[in-house]
Amino acid sequence: MAKISDYDMFDYDYSTYWKKREYENLAEKSLLHNMLDGEKGLWFVDIGGSYGRLTSTYYDKYVHPLILDYSLKTLQKNREMLLSKYNNVELIAANAYKLPFAERSIDAGMMVRVLHHIEEPEKYFREISRVIKSDGLYIQEYANKVHIKAVIKALLKLDFNFFNTDAYKQPTQHNNEGVKEGVEGIFFNYHPKNIEEMMTEAKFSVMKKTGCSFLRSQGLKKILNPETMLFFEKIFQFSLSWTNISPSIFLKTEHISKKQQEENTFESLEDILVCPKCKNKLTFEASDTANCKKCHTKYYKQEGVWDFRVQ
Ligand SMILES: C[S@@+](CC[C@H](N)C(=O)[O-])C[C@H]1O[C@@H](n2cnc3c(N)ncnc32)[C@H](O)[C@@H]1O
Ligand SMILES: [Zn+2]
C-alpha cells in the first residue's frame, strides 16, 4: 500500500507556505492561464487542490470544477471561502491513488505540487488514466530532479550517479511542508525522462512542456519585486522550456486511450461518483450518504465535503 502524505495528521495549514512565495505563485498561475487558454468542458478535477490556490485558472472554463484532496480538514475549513468566490465548485476528500470517479468520466484535470508526495507515480498515473476521457486534457507538474542548481552541485561533488533517471528522495530537513519539524515526510524529485516514460505508458501524450520558477533564488527575491521577477519568468518560460534547468516542470498532455464505442455523458456529481475501493456505482440514500452495495462501504458528506478517503 502506498504511503500517503496526510496533512491532517499535524493540522498543517498549507496556505501559510505561500506567505513568502508570491513570485512562484504568479509564475504558476501565468503558466496555467496559458496552458488552459481556450479549453472548456464539463468536469475538471484539481488533484491535491488543497485550499484552491489555483482554482482561478480553471473554474470559469469548466461547468463542474472539482477540488479533490486527502486533507478533509483543509477542504472543510476553506469551503465557505471557496464557495463565496466559486459557487460551482465541489469539494471531495479522497486519495489520488484511489479516485472515486467512474471510468472516463472526467473531461480534464491537473496535479500541481503534489507528485513529490506520490511515491508510486506509476500507480497514480494508471488511476488518473482510468478516469480521464479519451482525448481529455491532463496537466502534470513535478519537481525536477535535474534542475540547474542540482546539476552543478552533483558535478562539484563528482557524483555522476546522480544523473540516472531514478527518483531523488529529498531530505526532510528544513522541509516541513505537510509534516512537523523532525518528522520524515514524503518528498520526491523526478527525472523528466522517467516522468515522460511513465506518462506515455499510462497513455498520456505530451503536447507541451513548460518550465517554471526559473528565478527561484533567495538572493534575487531580496532585490527584485515579484512583478519584476514575473516579467523575466515569462521570457524564460517562453525561451528556455526546451531545457531541463527549471526546478519545476509542467506537462500539458492529451489522454490518447482508445475511444470506447459509446462514451457516456455525466450530468450530475452522483453520476460520476463510484466506490473508490471496488469502483462499483453508489446508491445515494440521502443527500449526504452514499452506499456501495458491492463491498458494503458507506461514505458520508460532512460539513459539505464528501469523504471518500480510503488507503
Ligand atoms: C503542496 S500541496 C499543493 C496544493 C495545490 N495543488 C497547490 O499547488 O497549491 C499538496 C497537497 O496534496 C495533497 N495530497 C498529498 N497526497 C495526496 C494523496 N495521496 N491524495 C490526495 N491528495 C494528496 C495534500 O493534502 C496537499 O493539500
Ligand atoms: Zn465498494
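Which protein donors hold the zinc ion (ligand 2), and how far from it do they lie? Select the ion: its donors are C275 (SG), C278 (SG), C292 (SG) and C295 (SG), at 2.2 to 2.3 Å. A donor is an N, O or S atom within 2.8 Å of the metal (3.2 Å for Na, K and Ca), and water is not among the atoms, so sites may look incomplete.

This is a predicted model, in which local features need pLDDT of at least 70 and side-chain atom pairs count only at pLDDT 80 or more, while totals for chains, interfaces and linings use all residues. Residues are numbered from 1 along each chain as its sequence is written, chains are lettered from A and ligands numbered from 1 in the order in which they are written, and side-chain values use heavy atoms, with hydrogens and water left out.

**The zinc site**

Stay on the ion and check the angles. The 4 donor atoms subtend 97 to 123°, which makes the arrangement tetrahedral; four donors count as such if all angles lie between 85 and 135 degrees. The ideal angle for four tetrahedral donors is 109.5 degrees. Along the sequence, the donor residues follow the spacing C-x2-C-x13-C-x2-C.

Next select C275 and C295, a pair 20 residues apart that links distant parts of the chain. C275 sits in the loop between helix 8 (269-272) and strand 10 (282-286), and C295 in the loop between strand 11 (289-292) and strand 12 (298-302). Helices (H or I, at least four residues) and strands (E, at least two) are DSSP runs, numbered from the N terminus. C275 is buried, at 0% relative accessibility, whereas C295 is partly exposed, at 29%. Buried means under 20% relative accessible area, exposed over 50%, and partly exposed in between (1.4 Å probe, protein chains only).

**Y142**

Move to Y142, in strand 5 (residues 132-143). Y142 is buried, with 0% relative accessibility. Leaving aside residues up to four places away in sequence, Y142 touches L115, Y190, P192, I195, P247, S248, I249 and L251; contact means heavy atoms within 4.5 Å.

**Helix 5**

Now select helix 5 (residues 192-201), where P192, N194, I195, M198 and M199 are buried. Seen down the helix axis, these buried residues fall within an arc of 165°, so they line one face. The arc is that of the directions from the helix axis to the C-beta atoms. Their cover includes helix 3 (121-131), strand 5, strand 8 (204-212) and strand 9 (248-255). After helix 5 comes K203, with a positive phi near 70°.

How values were computed. Four donors count as tetrahedral if all angles lie between 85 and 135 degrees; four count as square planar and six as octahedral if opposite donors are over 155 degrees apart and all others between 65 and 115; anything else is irregular.
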